[in-house]
Number of protein chains: 4
Amino acid sequence: MDYQSLLQKIYQLTLSGENPGALADYIPELGHVDPEKLGVHLTTVACDQYSVGDSDERFSIQSIAKVLSLSLAYQLEGGEIWKRVGVEPSGTAFNSLVQLEADRGIPRNPLINAGAIVVCDILVSRLSNPKQELIEYIRKLGDNPHIDYCPTLAESEKATGFRNAALINFIKSFGNIHNDIDTVLDFYFSLCSIKMSCRELARTFLFLANNGRDVVSNEAILTLSQTKRLNAIMQTCGFYDEAGEFTYRVGLPGKSGVGGGIIAVHPGKYTIAVWSPRLNSKGNSSRGMKFLELFTTETASSIF
Amino acid sequence: MDYQSLLQKIYQLTLSGENPGALADYIPELGHVDPEKLGVHLTTVACDQYSVGDSDERFSIQSIAKVLSLSLAYQLEGGEIWKRVGVEPSGTAFNSLVQLEADRGIPRNPLINAGAIVVCDILVSRLSNPKQELIEYIRKLGDNPHIDYCPTLAESEKATGFRNAALINFIKSFGNIHNDIDTVLDFYFSLCSIKMSCRELARTFLFLANNGRDVVSNEAILTLSQTKRLNAIMQTCGFYDEAGEFTYRVGLPGKSGVGGGIIAVHPGKYTIAVWSPRLNSKGNSSRGMKFLELFTTETASSIF
Amino acid sequence: MDYQSLLQKIYQLTLSGENPGALADYIPELGHVDPEKLGVHLTTVACDQYSVGDSDERFSIQSIAKVLSLSLAYQLEGGEIWKRVGVEPSGTAFNSLVQLEADRGIPRNPLINAGAIVVCDILVSRLSNPKQELIEYIRKLGDNPHIDYCPTLAESEKATGFRNAALINFIKSFGNIHNDIDTVLDFYFSLCSIKMSCRELARTFLFLANNGRDVVSNEAILTLSQTKRLNAIMQTCGFYDEAGEFTYRVGLPGKSGVGGGIIAVHPGKYTIAVWSPRLNSKGNSSRGMKFLELFTTETASSIF
Amino acid sequence: MDYQSLLQKIYQLTLSGENPGALADYIPELGHVDPEKLGVHLTTVACDQYSVGDSDERFSIQSIAKVLSLSLAYQLEGGEIWKRVGVEPSGTAFNSLVQLEADRGIPRNPLINAGAIVVCDILVSRLSNPKQELIEYIRKLGDNPHIDYCPTLAESEKATGFRNAALINFIKSFGNIHNDIDTVLDFYFSLCSIKMSCRELARTFLFLANNGRDVVSNEAILTLSQTKRLNAIMQTCGFYDEAGEFTYRVGLPGKSGVGGGIIAVHPGKYTIAVWSPRLNSKGNSSRGMKFLELFTTETASSIF
């Protein structure tokens, strides 16, 4: 498969098409990004790399990082984790709080805010220095010591994060947060502040396309079964209230962030990261979704 | 892969384990089934067949049939169908009516009752003799002229189908039902009354594992892209409020019915049908879910 | 109290002000009414009568009639009625179906559609000729043999009444409708089709201002306690999702209908009926609400 | 009316009947109260006083205090207050958070927690020393310099108040909290910690039965219109999800607290305070509701 030509072709097609949607703007750092940015990077499990556009520019990966904290917590806790968070798609965005009420503080899945906060609480209980240990875990996955939190961004998130504060207080009222609220929130906002380029993102997630093993060292990050299950969760829960649409149009497990990034995983084959900052009404990158739809259609490489 | 030995092994394991859950009993026909029945049939795209237990006994496939009516409607309407029904998982079971209100009569996906009723309405508009043409379509898919509706069952459904009558009236109040309510409901209840054995079920769905083509005639039922998308919809929407759980545990697109049947599709490889009448609290076959989880774990054949 | 001068003064004030809102138009009969109509009639328990404007023109009283069917059912069933319908305000309009689901088919109160349908079901069980006996009951309350159903209107309601059909089917799915759906709905649509003038309306409701007794014959329609409780229900449940607003602004128990009518009851003193067809966004007469607010403020005659 | 004999009679009747329900126990201070306590105090607008049982023992009035903070805010802000909080009953308890989402941070009424928190925010904006000025206002209403906050109770509320913290953060995310969250919450928890006896409670609320004027000094606390409207709000919103039931059974405006207290107001006549700590499933005093129902039935003194 001549991935490079194909990426190039879809890149031109995408650039020449419209660029609908709007930047996330609830914090200044996201609102000031150049909306015309478009980067794509594909890495195969054989470590072949292909890229186009702004693939080496770092951006805020935001919620995409929730897969990485989940991976660490899953590795540490195993199946016990599912006692505190579910694996079902969240349904409509608006009812995340209703759902928490109905399910007595058990978030519907680990990739919505409520669930990611519970995962952070689990890591705070498990790790002696959560922020340090998590970033080291991610650096190891990405084979890159330079991946880091962005303190300015984390601070901005915190200053406007009343809804997340509402969520964590609500969950704690049901007893499903075990640690101090400020400690957990601080960790959560740091998690969401991580920046990576498309290249770094594709590399970091590569173990999920490689049966849970690092492609270079062959070290097992997760077991085969755990890896498949993590991919499965991305498939049903990775795109807010648009998980069905992404599954339908793209057909790969993936995760998006409001910074405009999307990572998608083709088990056994490759990971592909796309970045384009304008978001559709559901909060997912418009051009990113379109790019991946064209890509999996052309390559007939959806998993279905 | 020695499928027969594996089926045999898991079959024994399942029989020796517990058989939790309860029969659907809202109509007598479902409540009178022997709860100890257990049948499995796997057919590969090369037409190799493997089976254990009560795999040749017919049972009510119920909602599984919704995939077949959707397939026909999708073939007839193409992407236009998505103007009238969505592709998102439904979220909590309880809010199906809320959702219809919020989305102004557009059901969240075509595999929940509301969506399947809209698909029936589309077929009633499109076909001159809907019941006849649908069953012929299904017989062709299954290469089997004996597949049929069960009029007694359809009659029972109708006599107790007040909630479905509520749904269709509610959808019509938003203008998303174009035909006479009684005609559409009658067609819908017939659809749900179809009976098949595991063997028949696996054969009927085989085109979805074969890029949309009949394995014998090679005739295209759906295009490759349509096939992948239909599988994607099963993945995110096929198990009521347990789609995430099934995706997580089994990792294959599939569809269940309250008769205790489950069909799962491994694109490019096989279809597998399981039947065990006791349902868990979410309305899916308990032993069926368990059997498939063991099967895809043993064969490492989840699509993720 | 010089009611006539006051009515005249507020009438002029109201006419010279704006006339915001829109006609109900889901059936032609309501959409064709002259939106400038404004009628008011006040009758005291001493039978003094005061009126202004179009007070003798009949209009469709719609949901106002639900108080009358409730009165008859309450008289026949007593407190048993509250096993099948509640007495709580409905909360937001949009969740009437959610509520039915949460409360297993028990409507929140007898003055929303769902509850009035259950009341109709009770009357169908109790009466040998429901339509005839109900209209005779109402004629007796109003001391007027000419009050009647409007068959054309009832027919129109029926032809477009898919949401009410949804409601009754949904309630029946929980077992809280005991009779044939079509029979109950037919009765319900007739109930909603009754026409009265403001004068007739004020007279018909006068027993509720007179301790449950007819002002002329002194016959007890309801007991004192039942009367107070019926008024209490109107107070908390009479104005859809605007019961609090009406209580706050007007301070009298009352009931509105989408035909633009409002009846309000001052226990021990008077009833007052207003009619102005334009409705606010909550479905209550805009000018009617305004008129009554000015009236009870000027007379300091709210019950609070 | 021989109120004393009647109170005595109903008191005996109540004591000899069952005492169902349970103590609020989310904070130790409420869980340790003697559940057999029963006190009643009635004060007429002529200052005649009648009492039975534990009417002079102080208890935590909890949410009853929300009427007093509302009264002060209403006096200071006038009708402007309704831009930030509604006057509609809340519907089902469970959806208070849903409602906030649907209404973009505008609580449904000022007597549910969310609304009372917004009222506290208004007072924090208006007053230079909110805690001090509020308690002085209440002492003046009650003609009693000894009424006070209970710091231990306030501290307990704070330590377990995660749900209230969730509410205020959620409301602030919509911009409807203008001050620092900790400051407002601290004030709110103090408000809820006030203790009074039935005698004190009846006296403090007496202005609401006396057209807004103090019965001794004749000073206007609120205007006549404001008084009627405050009573109206208590009628529709004073009993959580049981406002309709209280209106139906008792027929007076009133407010309850989870400490087991209830205050009811008969405009123009009297106030009556009841205290019995066991709560029904809706969070209102079981015996308190029963006592008041018997009382208004015997005296035929519901306002309806």
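What percentage of the 304 residues in chain A do buried residues make up? In this predicted model the share is 60%, where a residue is buried if 20 or more other C-beta atoms, placed from the backbone, lie within 10 Å of its own, exposed if 12 or fewer do, and partly exposed in between. Because the model is predicted, local features need pLDDT of at least 70 and side-chain atom pairs count only at pLDDT 80 or more, while totals for chains, interfaces and linings use all residues. Residues are numbered from 1 along each chain as its sequence is written, and chains are lettered from A, with ligands numbered from 1, in the order in which they are written.

**Chain A as a whole**

- Chain A holds 13 helices and seven strands, these being DSSP runs numbered from the N terminus, with H or I over at least four residues for helices and E over at least two for strands.
- The C-alpha trace of chain A spans about 55 × 40 × 35 Å along its principal axes.
- The radius of gyration of chain A is 18 Å, which agrees with the value near 19 Å that a compact globule of 304 residues would have; the radius is taken over C-alpha atoms, and the globule rule is 2.2 Å times the number of residues to the power 0.38.
- Of the contacts in chain A between residues at least 6 apart in sequence, 67% join residues at least 24 apart, two residues being in contact if their C-beta atoms, placed from the backbone, lie within 7 Å.

**Contact of chain A with chain B**

- In this contact, 33 residues of chain A meet 33 residues of chain B.
- On the side of chain A that touches chain B, at least two residues each come from α4 (96-102), α11 (224-237) and α12 (243-249) of chain A, and the largest share, ten residues, is supplied by α11(A).
- By class, this side of chain A has 14 nonpolar, 14 polar and five charged residues, with Ala, Val, Leu, Ile, Met, Phe, Trp, Tyr, Cys and Pro counted as nonpolar, Asp, Glu, Lys and Arg as charged, and the others, Gly among them, as polar.

**Met234(A) in helix α11**

- Met234(A) lies in helix α11 of chain A and counts as buried, because it has 28 C-beta neighbours inside 10 Å.
- Leaving aside residues up to four places away in sequence, Met234(A) touches Val67(A), Pro253(A), Gly254(A) and Lys255(A).

**Helices α3 and α11 of chain B**

- The axes of α3 (residues 65-77) and α11 (residues 224-237) of chain B come within 11 Å and cross at roughly 145°, axes being lines fitted to C-alpha atoms over the stretch in contact, with angles from 0 to 180 degrees between N-to-C directions.
- In this packing Val67(B), Leu70(B), Ser71(B) and Tyr74(B) of α3(B) meet Gln226(B), Leu230(B) and Met234(B) of α11(B), and the residues of the contact divide into five nonpolar, two polar and no charged.
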